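The sequence and the model come first.

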Amino acid sequence: MCIDLPFGFMCDCPSGMRLVTDTHCEDVDHCLDSDVCDQICGSFDGSPACECQDGYELTAGTGQCKATGAVGHVVVSTHEGVMWMDLSGSEQRNITYKSVSQGPVTALNANNMLYWTSPENDVIYRMSLDASDHRPAVLLNASIGVQGLAVDWIHELLYWVSTSTHALHVASLNDSKQRQLVSGLSRPSAVAVQPLLGYLFWAESGASPRIERASLDGTSRISLINSSIRSPVAISLDIPRGLLYWADSGLRTISRVAFDGQHRKMVVESNGYLDQPFGLAVFESRVYWSDQFTKSICSADKHNGNMLQVSQRLGSVTPAGLVILQPLLQPAGHAVCGISGEVCLSVCVTDLFSKKPQFICSDPQQTNFDKDVLQSATGTPLPDSAFSWILSLTVIISLLLVGLVLWWQRSEFCASRSLSLLGDVTLKESQDPLLLSKLPVVHEQ
């Protein structure tokens, strides 16, 4: 709301909201403001009460959530191959020795599959970490200038952005199908996906740097960040808290924002290890990044940037893309299917490679469910809402036809009855004495 002053005016916000950038109001979130909890934040006697998602344990008195089960590891792309290390950096080894230019890297944690590429060539590689020989294989030929990769672990899709096509692309992880989803981008630099909510994010670092969000089919675009941003080179998601983190090499900062574009905060400022960031990841209570200027892997508290740790100095090796391998980072669950915002309780089938990309929620009672047929551009069954509408229209048309037939039969009956009555009247008129007098007389013998 606007408040008039003796000289000019000022903006103010209703109770429970606060003013940001002097002109906009946003909801006050005490949990994000206090940054006490790593994940779920509630309230108990007016104070924040922290909880953790399934698979994590709450550290008493700290609000930190530690993953249980599998130990997390960092995978980094370098010009000497792909490197694997533990989170502390005390153990490391090369898992490929293919000399390629360093580039973005991502993973599908469910089957320990790694994907990476280089901006200098058009090949996207894949490699199973469970294989004994760790031999890379070609997944597909994309385009040169790939700057970011992201895996949709629910629908098994791979997204990437390319500076040569100025577009965001998608491909199936199970075959070679691919297509452009969003075109006309200035200088796309990074991509991330949250399939459970149906969100796709990307960053641009060109003449008009920004971070945008869309549905998984590329529609419903909105701008999350378009001011006080210079060169976003990497983005990563904190799924439990619903936050997007980005590294800005121009400002030498790491910042975050909520998925709806609110609650922006700078987390890490220039500290000597943010001169040339490339990769970015968030796990537990820390944010991790690779820095090409200092040739190091670093981490800091994801809430405020404190407790900086240089996990690994790589010497002459220049790091690039970075991903953390831990199954909890890609949680299972029912996902939003398409742009409707409704969670699909059965199987959400993708059809991104026909003329119009779409997501189809299959009928859970359909016994002869054929995923291959649904994925094809033809023979796609209608969703429940369309089927119900067609069925209702069919019933209405049938009732109209029955009514029309009954009306026609009644009309025919009335017409025949009228003719019969006319016949009786004619017979009576033939007995008129004037007419009878003209008839010949017949005499009886």
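Among contacts in the protein chain between residues at least 6 apart in sequence, what percentage join residues at least 24 apart?

## Contacts and chain make-up

The share is 40%, counted among contacts between residues at least 6 apart in sequence. The model is predicted.

The secondary structure of the protein chain consists of 4 helices and 34 strands.

## Burial and surface

The protein chain has 445 residues, of which 43% count as buried.

## Positive phi at His166

His166 is not a glycine, yet its phi is positive, at about 55 degrees. The residue sits in the loop between strand S17 (157-162) and strand S18 (167-172).

Is His166 buried or partly exposed? His166 counts as partly exposed because its relative accessibility is 35%, and that class lies between the cut-offs of 20% for buried and 50% for exposed.

## Positive phi at Arg252

Arg252 is another residue other than glycine with a positive phi, here near 55 degrees. Where is Arg252 placed? It is in the loop between strand S25 (243-248) and strand S26 (253-258).

The relative accessibility of Arg252 is 38%, so Arg252 counts as partly exposed.

Conventions. Residues are numbered from 1 along each chain as its sequence is written. This is a predicted model: local features need pLDDT of at least 70, side-chain atom pairs count only at pLDDT 80 or more; totals for chains, interfaces and linings use all residues. Side-chain values use heavy atoms; hydrogens and water are left out. Helices (H or I, at least four residues) and strands (E, at least two) are DSSP runs, numbered from the N terminus. Buried means under 20% relative accessible area, exposed over 50%, partly exposed in between (1.4 Å probe, protein chains only). Contact means heavy atoms within 4.5 Å.
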